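Hello,

Here is the structure we talked about. My notes follow below it.

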Amino acid sequence: MTRLELRKFVAPELLFGSGARHLAGRYIRNFGAKSVLLVTDPGVRKTGVVDEVGADLQREGIGYEIYSDIKPNPTVENVMGGAEFFSQGRCSALIAVGGGSVIDCAKGIGIVSSENRPITEFEGVDLITVPPPPLICIPTTAGSSADVSQFAIISDSVRRVKIAIISKALVPDAALIDPEPLLTLPPDLTAYTGLDVLVHAIEAYVSNASSPLTDLYALEAIRRICRSLENAVASPCDLSLREETMLASMYAGLAFSNASLGAVHAMAHSLGGYLDLPHGKCNALLLDTVIAYNYSSARERYLDIGEAMGIAVRSQPEEKRLPAITGEIRRLRAALGITETLADLGVTKSTILLLADNAIKDACMATNPRDPALEEIRVLYESAL
């Protein structure tokens, strides 16, 4: 980045720490909302966090409706159904309590409620023309960072793809980031979402839209998630570890929201949309392969990443540096119980033709440090079989 280049940085109002979730009512009151749509999913409802937020709203004299018909990969139908619920309840604001699926769905509901058009019409960058209603996010996973980002990812079940919607209008008005809800997160989701943090930070750091505004957050996210994730999976009730992973998620979100992502996410969106797989797992299975492909185009940045991961890569001979980074990623993935290959998940060589066609059209591919041809994307998928 030269002195003459301009970079923007967008972020919601942030409140981080134990008990942050209990301030939802106060924030909504400040927005002047009388009735709120509380967006969540069945799993989060069982934890009791939604009831806590509802009680806080009631103490502030604010009415609310609950919408929880959301799949792990939120669909167009989930969004459109939520928008109808929002309208029928005469709601004027949204609170999302959940992981990335819930928050992305809430963002979609806000878009449709303001624009009065199908959510599929907003795939791409900066296509939202009418500001959505106020949105407050209370994340319950440390991974998606949707609570601080300008991204929303929605599954189109007809085309069997995930569509990426990117706009400053999707940056939430406030993110109440509380590590306490993570204490109920099961080990597999802790692992998947934690690896999503790592991929967000790595891709933001090597993005061709990165800058000093985002680099700081990306590297700190890598440091924190690499030193805390395995322990958080092993000791799920350790609040200090949960706080570390949540802080890493926030930092990674601030980085990628402003620097965007790359080929790992583009390929993971295609893979997860086609086979309805957990997003973090898809990212984890593709990361080392894409790093090997990109390495020559962002060598020094990947060495910075290796150092942030705790590997003394610069003290090693050049021929051992890339294997040290990709080897550590594979070690971490296996230590977290992710041992499958794409073939184990049902990907075949014939499937790859469709996956590659969808991945190359994904908006995240535009900021990958190396510009791949369609055939190269197919080869990358085959390498991960």
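This is a predicted model: local features need pLDDT of at least 70, side-chain atom pairs count only at pLDDT 80 or more; totals for chains, interfaces and linings use all residues.

Strands β6 and β9 (residues 174-177) pair in the parallel sense over two bridges. In β9, Ala 174 is the bridge partner of Ile 136.

How many of the five residues of β6 are buried? Five of the five, so the strand (residues 135-139) is largely enclosed by the rest of the structure. Leu 135, Cys 137 and Pro 139 point one way, Ile 136 and Ile 138 the other. In a regular strand, side chains alternate between the two faces of the sheet.

Next, helix α14 (residues 374-383). Its buried residues are Ile 377, Leu 380 and Tyr 381. They fall within an arc of 100° seen down the helix axis, so they line one face of α14. Their cover includes α9 (263-275), α10 (279-294) and α13 (349-359).

Tyr 381 deserves a look. Beyond its neighbours within four places in sequence, its contacts include Met 267, Leu 271, Leu 286, Ile 352 and Leu 355.

Then the cores. The largest nonpolar core has 81 residues; Ile 222, Leu 286, Tyr 302 and Tyr 381 touch the most other members. Helix α6 (residues 187-206) gives the largest share of this core, eleven residues. Apart from it lies another core, of 30 residues, including Val 76, Ala 96, Ile 119 and Ala 146.

Best wishes

Conventions. Residues are numbered from 1 along each chain as its sequence is written. Side-chain values use heavy atoms; hydrogens and water are left out. Buried means under 20% relative accessible area, exposed over 50%, partly exposed in between (1.4 Å probe, protein chains only). Helices (H or I, at least four residues) and strands (E, at least two) are DSSP runs, numbered from the N terminus. The arc is that of the directions from the helix axis to the C-beta atoms. Contact means heavy atoms within 4.5 Å. A nonpolar core is a set of buried Ala, Val, Leu, Ile, Met, Phe, Trp, Tyr and Cys residues joined through side-chain atoms within 4.5 Å. Two strands pair if DSSP finds at least two bridges between them.
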